[in-house]
Amino acid sequence: MTLAPAKYAHYFADFQALSQGPGAGAPPWLKTIRDNAWSRFSETGFPTARRGNERWKYSNVGPIAKIDFGLASGAAPVNASKALAPEYQLDGPAVYRLVFVDGRLHSGLSSPANGSNGVRADSLATTVADGSFDLEARIGNYAPLDDDDGFVALNTAFLHDGASVHVADGHSEKVVIHLSYVTTETAIDSAPKVTHPRTLVVAGRNSDVTVVESYTGPQDEVYFTNAVTEISVGEGAKVDHYRLLLDGAKAFHVGTSRVNQEKDSSFSSASFALGTALARNDFEVLLDASGAYCSLNGLYLTTDNQHIDNLISIDHAQPNCTSRLNYKGILDGKSRAVFGGEVMVRRDAQKSDAQQTDKNLILSHSAEVNSKPSLMIYADDVKCSHGATAGHIDADTLFYLRSRGLDLDAASRMLIHAFAGEIISTVKPEPLREYLDTLFSAAIPDKSLPFGITR
Amino acid sequence: MTTSRVISRNATSSELDADYKWGFTIDIESDLAPKGLNEDIVRLISAKKEEPEWLLEWRLNAFRHWLKLKFQAPKWANVEYPPIDYQDIYYYAAPKSDAPKSLDEVNPEILEAFEKLGIPLQERERLAGVAVDAVLDSVSVATTYKATLEKQGVIFCPISEAVRTHPELVQKYLGSVVPYSDNFYATLNSAVFSDGSFVYIPKGVRCPIELMTYFRINQADSGQFERTLIIAEEGSYVSYLEGCTAPARKTHQLHAAVVELVALDNSEIKYSTLQNWFPGDKDGKGGVYNFVTKRGIAHKNAKISWTQVETGSAITWKYPSVILDGDNSVGEFYSVALVNNHQQADTGTKMIHKGKNTRSTIVAKGISAGQGNATYRGLVKVLPSANGAKNFTQCDSLLVGDKCGAHTVPYIEVKNPTAQMEHEASTSKVSDDQLFYCQQRGMSVEDAHFMIINGFCRGIFQELPFEFAMEASQLLKVSLEGAVG
């Protein structure tokens, strides 16, 4: 066991409490994973030293490192938790819902799948305990500890509960998995809470899975969500993935998603971010076999002093893969948005086709956008392009609407809404699409200030 | 240009059997300071140049700052090379002869060297209409057309001479755009820079001829640290060209230059570079490490335009930048970067928008062949004060062969809502259809490739002065040899 660095003593105390308390009954392989993760975290710590660190060039995690977050215990009342979870219903023949309150599965709000019909969607702790699924080979396989960021290592060190979803090979009927991670209000006099939500999705051969992850919590409290999601898309499988980052305005959120795609698989994702003082969405897709297709969309809206950092990478490791990336941001107040993305085409990954776009709409004189969409290409027979724009809505477009009788405010709102609409319309389940549309429409700031005013 | 500057290779004097036609060495006795860098060397360089106290002080400040950096060269660039031993380099190498007062006094061997390079040093080349300042190793050898320029009040001379004859100008502007603490290589340059060109265009003057500096590293194991300073007074115009070559040597040579441009209100500076330092041989042995800091500041309504054709150097690390300080100022960057064999280039630009209604245009073309890696890395930054700033960036990469790499890393930082930023990039290989079309018209594969690549770069070449454009096209052809087929 590695000694705790003085800086992270409180994390170490919680780590020991977990491994000797609720996590003591875990199988040896899981204990090893946790111990290795802790020693990795104690080596790296948080990426607060940013000089020369291109991954954190524009985002400062100092505020996260400074606060002594205490591990959330998961003993909140049902009603409080229910109020904080997002309000929409997904319907269909096979919808499974797992609600995690302060990091633990809340059985009263959840409807797990027991695996009898080829779908297993349950708490990680239960799945580990009954050994019904070979988690040892999967956990940490797609999100290894090899980066220097520290967040995956910290999450893995506290690996105890989370969602484990497994859809069997050949299960072609559509499966909808709805995962809610809720942080509840902090009790008076206790330390700000941290949760380490962990999601593992294994979509078997030719399966069709929709996964919705949502993260919510109290509006006016400081807390930290350190999420890790691992998704394996099997041969010929199709996964639709939605990530809803709806944490409170003072919350910190670091989400690491790692996706692994096999032959002829298809992965579509849409990430939405609203709220959160400091958010990071680190998303990586590995196109690991020929014929894989991925489409990553994102929409973020920031106000006040919010800061959001999207780091989206696509790795074309094998030939004949296609990727599409489209992220859009709307910025107001003194908020800052960072887009870092890398499309990598490895040697011999011929016939790769990649498109990468980042567009930002800046509504205030104090907001700031830093965009760094990069292409790293090592194969010659490829079609790769990227584009990035930042600015305001075209004065001519605005004029057109106003000439049709709309006032400046209404015209502005309509155009911002349309800007966001491009991403929202990629959401396939209707209730979710409507929910998001309402949410973002309400959040669009009431202003038309900088449009077309260049002097 | 009456004589072509692309000349045949002098095979006997080349240490390496590279297809580098500029790879001859010239046997000139050099005045060498001992290898390594310390305060004494800095003092020695300053003393050799008979510099005033303030300049020595500035150099020493730079040197002391450099020591604080503890040999930690920046690592963010997408280039790989073994650590450089900064104590194993000659920091001062000069052809051994006193400074010539006129062309007649220049050592004939040096003249011969420049003849070989096809540099029209002699005034008989009057028709060429280019004034040349030639820098061999670290010393400026000769400047032509002095009289013509003096009539207009244009100063074009080695910077070491300007320190003596126009100290007030040098003191005012040296380090004003690239301060000595700017970055690792600029700091090193500030401490040990030996010579370079100085240009001053008086108010309202349109420089009648194009000015040109020719740089060459000759001495083995030496570093070249030249420093160029160009000042365009209000309403003036100048077009400046630079060319560079080095002998083919097995060991790497270090080149860390600094270029500063000051474009005062309503002036325009056009700066063109043909960089053809020795790129190393087929196996990546030898070649110049080219770590260069180039930056200009554009005041009200001024325009700075960088055009570069980068075909040489084992490593190119270079980001010609423009600070768009004044309202309505304009910055342009046009670049072709070609890598072949084991060459690596990490190059691009920085456009810093400060003034209102400032505009910048970036067009970068990268060509990767062999096992070369070319990276475009560019920053476009819009500060809160830059209302109505506009940028357009286009980066295109062409891949020739399946062992090379082409990368695009743009940084876009916007702090003003009225700014309009557009970035586009694409990467592809030479189209099979185009190749087929050319071939069925009877062209060889090589010629077809060359024609298509030449067309790909056409937009950039058009920004070059005519003779340079011809040479650039030739250079491209030579550099691509062996990459196709």
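Strand 22 of chain B pairs with strand 24 of chain B in the parallel sense, over 10 bridges. The model is predicted. Chain B holds 10 helices and 25 strands, and 58% of its 485 residues count as buried. Chains A and B also meet in a contact to which chain B gives 33 residues and chain A gives 36 residues.

- Strand 22 of chain B spans residues 373–382 and is mostly covered, with nine of its 10 residues buried.
- Thr347(B) has Tyr376(B) in strand 22 of chain B as its bridge partner.
- Strand 20 of chain B (residues 350–353) runs parallel to strand 22 of chain B and is joined to it by four bridges.
- Lys350(B) has Leu379(B) in strand 22 of chain B as its bridge partner.

- On the side of chain B that touches chain A, strand 24 (405–414) and strand 25 (420–429) of chain B each supply at least two residues.
- The residues on that side of chain B comprise 13 nonpolar, 13 polar and seven charged.
- Strand 22 of chain A (residues 383–391) pairs with strand 25 of chain B in the antiparallel sense, over seven bridges.
- Gly387(A) stands opposite Glu424(B), which belongs to strand 25 of chain B.

**His392 of chain A**

- His392(A) lies in the loop between strand 22 and helix 7 (395–403) of chain A.
- His392(A) counts as buried because 23 other C-beta atoms lie within 10 Å, where the cut-off is 20 or more.
- Ile416(A) is 24 residues from His392(A) along the chain, and their C-alpha atoms are separated by 9.8 Å.

**Nonpolar core**

- In soluble globular proteins, nonpolar side chains tend to be buried together.
- The largest nonpolar core in this model has 260 residues, and those with the most contacts inside it are Val345(A), Val199(B) and Ala263(B).
- Strand 18 of chain B (residues 330–339) gives the most to this core, with seven residues.
- Neighbours within four places in sequence aside, Val199(B) is in contact with Ile155(B), Phe156(B), Leu211(B), Ile230(B), Ile231(B), Val238(B) and Tyr240(B).
- Among contacts in chain B with a separation of 6 or more, 82% are between residues 24 or more positions apart.

**Helices 9 and 10 of chain B**

- Two packed helices are described by the angle between their axes and the distance between the axes.
- Helix 9 (residues 445–461) and helix 10 (residues 466–480) of chain B pack at an angle of about 145°, and their axes are 11 Å apart.
- The crossing of helix 9 of chain B and helix 10 of chain B is right-handed.
- Helix 9 of chain B contributes Phe450(B), Ile453(B), Asn454(B), Cys457(B) and Phe461(B) to the contact.
- Helix 10 of chain B contributes Ala469(B), Ala472(B), Ser473(B), Leu476(B), Lys477(B) and Leu480(B) to the contact.
- The residues of this contact between helix 9 and helix 10 of chain B are eight nonpolar, two polar and one charged.

Notes. Residues are numbered from 1 along each chain as its sequence is written. Chains are lettered from A and ligands numbered from 1 in the order in which they are written. This is a predicted model: local features need pLDDT of at least 70, side-chain atom pairs count only at pLDDT 80 or more; totals for chains, interfaces and linings use all residues. Two residues are in contact if their C-beta atoms, placed from the backbone, lie within 7 Å. Ala, Val, Leu, Ile, Met, Phe, Trp, Tyr, Cys and Pro count as nonpolar, Asp, Glu, Lys and Arg as charged, and the others, Gly among them, as polar. Two strands pair if DSSP finds at least two bridges between them. A residue is buried if 20 or more other C-beta atoms lie within 10 Å of its own, exposed if 12 or fewer, and partly exposed in between; C-beta atoms are placed from the backbone. Axes are lines fitted to C-alpha atoms, for helices over the stretch in contact, and angles run from 0 to 180 degrees between N-to-C directions. A crossing is left-handed if the near helix is turned anticlockwise from the far one by less than a right angle, and right-handed if clockwise. A nonpolar core is a set of buried Ala, Val, Leu, Ile, Met, Phe, Trp, Tyr and Cys residues joined through C-beta atoms within 7 Å.
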